[in-house]
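Trainee: I would like to learn how to read a few local features of a model. Please start with the terms and then turn to the cases.

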Amino acid sequence: MLEELKKTLEEAPIVKKGNYNYFIHPVTDGIPAVKPELLREIADTLTQKINFENIDKIVAIEAMGIHLATALSLKTNIPFVVIRKRHYGLPNEHQVHKKTGYGESILYINDLNKNDNILLIDDVVSTGGTLIAVINALIDMGVTVDTAVAVIEKGKGKKIVEDEIGMSILTLIKLDVVNGHVVIESVND
Ligand SMILES: O=P(O)(O)OC[C@H]1O[C@H](OP(=O)(O)OP(=O)(O)O)[C@H](O)[C@@H]1O
Ligand code: HPA
């Protein structure tokens, strides 16, 4: 399993965002097109590794957690909610400031309540800025993050989040960008 993920990552072009080496990939950008077999192998691998029994909601981080949450929701029948970049001003909306290696933005959490038991999913963890900010905000709200997933682990991101938050992050593939190319370091299939 995960052959398509590995192959497409090895072919991913790199562009510079300032000093940041940004890989462009179907899972992280929707470019090139997401082949159904790629999404399927990711969803199949995740459903084998995760115990969904007590999960109330799947929580996706906009934008590139959404297709992953959709695939998991269809497999598990668990609803998903999106942490959006848009402010709605609804009661009980929570605001999170997040930073990546190339930018920063505000995210808005809605429709999550104290004691909800959730699976959080995003496409990639790189500097860890996004997951640290979002998980801390969810914990402050009294939400239980049962499982946190970033399909792709780039550089030291997973360890940074784990050291900071004290919970493990499930990733399926670890890579780095070396001399302008993606190098796969390990696969968790
Ligand atoms: O570990 P980090 O350094 O925080 O990087 C990971 C985050 O960066 C990307 O989000 P981005 O803000 O680019 O938004 P997008 O999902 O809309 O592409 C990606 O989807 C992750 O959420
Ligand atoms: O290098 C990257 N590529 C795609 N998405 C990302 N999000 C953080 N880093 C990256």
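Mentor: Helices (H or I, at least four residues) and strands (E, at least two) are DSSP runs, numbered from the N terminus. This is a predicted model, in which local features need pLDDT of at least 70 and side-chain atom pairs count only at pLDDT 80 or more, while totals for chains, interfaces and linings use all residues. Residues are numbered from 1 along each chain as its sequence is written, and chains are lettered from A and ligands numbered from 1 in the order in which they are written.

Trainee: Where is N92, and what is its phi?

Mentor: N92 is found in the loop between β4 and β5 (94-99). Its phi is near 70°, a positive value in a residue other than glycine.

Trainee: Is N92 buried or exposed?

Mentor: A residue is buried if 20 or more other C-beta atoms lie within 10 Å of its own, exposed if 12 or fewer, and partly exposed in between, with C-beta atoms placed from the backbone. N92 has 11 other C-beta atoms within 10 Å, so it is exposed. N77, in the loop between α4 and β4 (80-83), also has a positive phi, about 65°, and is not a glycine. N77 counts as exposed because it has 7 C-beta neighbours inside 10 Å.

Trainee: Which peptide bonds are cis?

Mentor: One cis bond joins I31 and P32, with omega about -15°; P32 lies in the loop between α2 and α3 (36-49). Another runs from E62 to A63, with omega near -5°, and A63 sits in the loop between β3 (57-61) and α4 (66-76).

Trainee: Which residues of α5 are buried?

Mentor: They are T130, L131, V134, I135 and L138. Seen down the axis of α5, the buried residues fall within an arc of 110° (taken from the directions from the helix axis to the C-beta atoms), so they line one face of the helix. After α5 comes G142, with a positive phi near 85°.

Trainee: Which residues surround ligand 2?

Mentor: A residue is near a molecule if its C-beta atom, placed from the backbone, lies within 6 Å of it. Ligand 2 is surrounded by Y22, F23, T28, D29, T100, G101, V124, S126 and K154. The elements giving two or more residues to this shell are β2 (20-23) and α2 (26-29).
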